[in-house]
Amino acid sequence: MTMLTPRPLDRQEDEEMLVPHADFVEGPQPLVEGPQPLVEGPQPMEVAPVDGAGTVDNQASEEPQASRFTWAIENFSRLNVKKLYSDVFTVGGYKWRVLIFPKGNNVDYLSMYLDVADSATLPHGWNRYAQFSLAVVNQIHNKYTIRKDTQHQFSQRESDWGFTSFMPLVELYDPSKGYLVNDTCVVEADVAVRKVTDYWTYDSKKETGYVGLKNQGATCYMNSLLQTLYHIPYFRKAVYHMPTTENDMPSGSIPLALQSLFYKLQYHETSVATKELTKSFGWDTYDSFMQHDVQELNRVLCEKLEDKMKGTVVEGTIQKLFEGHHMNYIECINVDFKSTRKESFYDLQLDVKGCKDVYVSFDKYVEVERLEGDNKYHAEEHGLQDAKKGVLFIDFPPVLQLQLKRFEYDFMRDTMVKINDRYEFPLELDLDRDNGKYLSPEADRSVRNLYMLHRLISFYTYLSDSRQIVHFRALERPKEDGFSLELAKNHTYDDVVERVAQYLGLDDPSKIRLTPHNCYSQQPKPSPIKYRSVDQLLDMLVHYNQISDILYYEVLDIPLPELQCLKTLKVAFHHATKDEAVILNIRLPKQSTVGDVLNEIKTKVELSHPNAELRLLEVFYHKIYKIFPLNEKIENINDQYWTLRAEEIPEEEKKLGPNDRLVHVYHFTKESAQNQMQVQNFGEPFFLVIHEGETLADVKVRIQKKLQVPDEEFSKWKFAFLSLGRPEYLQDSDIVSSRFQRRDVYGAWEQYLGLEHSDTTPKRTYAANQNRHTFEKPVKIYN
C-alpha cells in the first residue's frame, strides 16, 4: 500500500493514496469536511414575505436558463417609499423579483438588487446560483444605458445581491439625461440560473457513509493527514490496541485521543472535532492557527507514536508500515572501487517540475550523476577518480509516502511559487518496471512492488470543484473581519478585482489594490500585488508551502496602473518653529527628483517665510545619514526602512564662515549591555553650526533655546564629543570647534555632539513590523 503525503485542503490535487494488492483499505474514500465561512453579500436586505408564495419550486436544470425581465416604474419621482419590489418573475423554475431603493440605501445612489421572491417559505438548506445583470435603460440614447453584471449563490442567509451604489441619484433624476422620461424609469434584469449543491448543508454521512474533521483554524493540513492514516486499517487497528488506562484523559494522552478520534470518525453522524487531539499534543490556540508543513507533522507524529508503542503489543507498527531502504552508492569508472551506504526512509520527495508523471519523477530520483573534472571522487588509495553516483532501492514499505515537490523558490519574484504543471499518476504504480531499474542488486526480486492508486479527494473539493471562499480585509484594519466572496481558483486577476469592486459598489475595479496574506505572521505581506502581475486567484493565495484564504484590499484614489508609474514617499516634515512633525505622502512620477519632492512639499505645508529653502534627509536609528542632492532621482530612494525627513535650512547654515563647522547633534543615554555601558541614541537628531573658538557654554545657550528645554531639566544634561560610539565629556570652558577638526574615514554621523539625558518622550506602541522576515514555527508535539 502506498500513500501520498497529504497536503492542506486547498491543494487536494496532490493528495493521493497508493494501495498495493492487499485488503488493507476498505470502504469509500475519506471526505474532509468542516464548517466553512459564510459568503457575505454586499448589502443583505430585509425581505418581506410574499403573499401566496408557493412551496419549493421546480428544480432548475444543470444548464443555465436565462430570461429578461423588464420593469417600467411610473411616477418614479413621486415615489414615497424607502424600497420597492417588482412583480415576481420566474427563471429556471425559480421565483425572482427586483428590489430598488428609489432614494438610495443610505447613499446618494440608486440601490438595486436581485431578490429571491419566495425565500421566506423555502425549506432549510435551499440555495440557487444566478449570473445576472441589472440595468437602468436610457430611453433617449440606448448606448448610455447603465448595466452592471455580477453572480451570486443565493441562500437563506443571503437572499438578495446587487449594487448599493448603482448610479448617482443626481444623474437618475435629471430629465435631460434620458433615464426618466414622462417620469417613468425602465429597469431590466437579465438572469441565468442553475442548481448547485449547498456545501454547508451537505450530509456526508448520508451520501458517503463517512464524516470528516472540523478545521480549528488552520489545521486542514493535519486533517488531511489524519484522514489518510485513519483509512489504513492496519494503522487504525494498531492505534486501537495501544494500551490506555481508565484514569487517562484524551486531552492528556495521545493514544486515547487518537483512539477517540478514530472511533468518532467511524460512528459519528457529523464532522468530528480535533481539539482533544491537539490538546494531547500540548498545542495551544496559537499552534492550531499556525499552518505547518504536513510532511513535517507526519514525521513528528509517527516518531511520537513509535515511541508510545514501545513495549506494547503494537511495537514496531510504524516501521512495518512506512519504513523502506535505499542504497546510496559511488562507483569508480576506471578502477575497481565502490562505496555504498544503506539508509532507511519513511517518505520520498519527488520532483514535479519537468516531470510529466510519477515514473519520470522516479527516473529522476535514481538518475546517475557523473563525478569528473573538478568534481572527481577521492577513492581512498586510488586518489581522485571519475565516478558515478546514484541511489537505488533495496525495499519499499507497505505504505509508501510520496511528497510531491510542488513548490520552489522563484528568484525573480523573491517568493515560493507553486508548480501547477500537469502531473499524472497511473492507477497502478509498478516499481518493478523495466527489469527493476529502480532496485539495487541487494533487492529481493521475489517481492512484487505493485501498488494501486486511491486518490484522496476532500467536499468540499468534490462538490465545489475549484471554488474558494476568500476573506477580504481592509488593509488599514488587518485584524478585523471584512467580507467574504466565493470565487474560482482559476479566476483571473481582473475577475477577482471586479468581484471586489462589485461588492464595494466601486465603478472602477482598477482602483482596487490587493495584498497577500502571510500565513505564518498572520499579517499582510509588505508588498502588494502589482496590476495583473499574477495569472489567477490561486497565485494570490500561495505563501511558501501554504495556501491562505485571506486577501487585503485598498481602494485607491487613482487607478493602480497609473499609481505604479508613480513613486510614493512618506516624508516627515519638521517645521522650523513647531515641535510636531507632519507626515506627508508625496506621490510623483518615478523619474522625478528630490527637488521636485521639496517643491511638492512647499505646496502642502506652512513655511516660516515664502522663500524658505528645504532639504531632504535620511534618518535611521536617530542618526542623520544623508542629505539628498536636489538632482537625485526618487526611484532610487528607499523609505521602507529609513525615515525621510524634510526641514527648512536655517539661515545661519547658509552663512557658514570658512572655519565654522556644521556638526551632527544627537540625543543619547547609556545602557548596560553584556557588562558594558553602551550608548543608545533616541529622539530627533539635528544639525548645529559651531563657530570658531566657541565654547561649550556658548553652544549650550543656543541648544537650550533651539530645543526650548526648561532650566531645571537642562541643568541635568551632559555634553560629550562622540566618535564611533565613545563619549568624551566636555566642560563649559572647552572649545567645541576644536573637537571637530578631525577627519576620519567614517561618516559624519559617527562623529557628533552628544546630549546625554533621560529619554522622557512618550513611548509609542508600534504595530508588528511587516517588513521583517517571519519564519514558520516548527512543528512540535510536547506530550
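This is a predicted model: local features need pLDDT of at least 70, side-chain atom pairs count only at pLDDT 80 or more; totals for chains, interfaces and linings use all residues.
Residue numbers start at 1 along each chain as its sequence is written. Local features need pLDDT of at least 70 and side-chain atom pairs 80 or more, while totals for chains, interfaces and linings use all residues; side-chain values use heavy atoms, leaving out hydrogens and water.

**Whole protein.** Show everything: 20 helices and 40 strands, taken as DSSP runs numbered from the N terminus (helices H or I, at least four residues; strands E, at least two). Of the 783 residues, 50% count as buried, meaning under 20% relative accessible area with a 1.4 Å probe, protein chains only.

**The five-stranded sheet.** Next, pick out β32-β31-β35-β33-β34, an open sheet with mixed pairing; two strands pair if DSSP finds at least two bridges between them. Look at β32 (581-589) and β34 (623-627): each has a single partner strand, so one side of each lacks a neighbour in the sheet.

Now select β33 (614-620), which pairs with β34 in the antiparallel sense over four bridges. Click V619 there and you'll find I624 of β34 opposite.

**D115.** Finally, jump to strand β7 (109-116), where D115 sits. Is D115 buried or exposed? It's buried, at a relative accessible area of 0%.
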